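Morning, everyone. Please take a look at the sequence and the model on the screen. I'll walk you through them.

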Amino acid sequence: MDEFQERQQARELLQAEVSRDFPDLVNRIKYVGKVVLVRYSALCFTPTPECIRRIGALAVVCSYHGATVIFAGDSVLEVRAE
């Protein structure tokens, strides 16, 4: 397997993992919008290695697709222009 194939396989595995934690996220950032708002309630309340891994994977997948990730409190006002 060459380097390109290894990177492609790693990307597919990461997307599958993120899709397990955040269903339909990949399709939404591909076809709907390029901003992902992560509210505090969606995060882990204690910064465990597992929590950091999940959020890091989310940020990397969004980066692959050119999406912006915004971390915000639960009281943030969400405005959508669809």
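**Gln15 and its surroundings**

Let's start with one residue. Setting aside neighbours within four places in sequence, Gln15 is in contact with Val26, Val61 and His65. Contact here means heavy atoms within 4.5 Å.

A word on the source. This is a predicted model, where local features need pLDDT of at least 70, side-chain atom pairs count only at pLDDT 80 or more, and totals for chains, interfaces and linings use all residues. Residues are numbered from 1 along each chain as its sequence is written, and side-chain values use heavy atoms, with hydrogens and water left out.

Back to Gln15. It sits in helix α1. Is Gln15 buried or exposed? Gln15 has a relative accessible area of 15%, so it is buried. Buried means under 20% relative accessible area, exposed means over 50%, and partly exposed is in between, using a 1.4 Å probe and protein chains only.

Now its partner, His65. His65 lies in the loop between α3 and β2, residues 68-72 being β2. His65 is at 18% relative accessibility, so it counts as buried. Which residues does His65 touch, leaving aside neighbours within four places in sequence? They are Gln15, Val26, Ile29, Lys30 and Lys34.

Next, the helix pair. Helix α1 covers residues 3-21, and helix α3 covers residues 49-64. Their axes come within 9 Å and cross at roughly 120°. Axes are lines fitted to C-alpha atoms, for helices over the stretch in contact, and angles run from 0 to 180 degrees between N-to-C directions. So α1 and α3 are oblique to each other. Under 35 degrees counts as roughly parallel, over 145 as roughly antiparallel, 65 to 115 as roughly perpendicular, and the rest as oblique.

Who makes that contact? From α1: Arg11, Leu14, Gln15, Glu17, Val18, Arg20 and Asp21. From α3: Arg53, Arg54, Ala57, Leu58, Val60, Val61 and Tyr64.

Finally, the whole protein. How many helices and strands does it have? There are three helices and two strands. From the N terminus, the order is α-α-β-α-β. Helices (H or I, at least four residues) and strands (E, at least two) are DSSP runs, numbered from the N terminus. The C-alpha trace spans about 50 × 35 × 15 Å along its principal axes. Of the 82 residues, 23% are buried.
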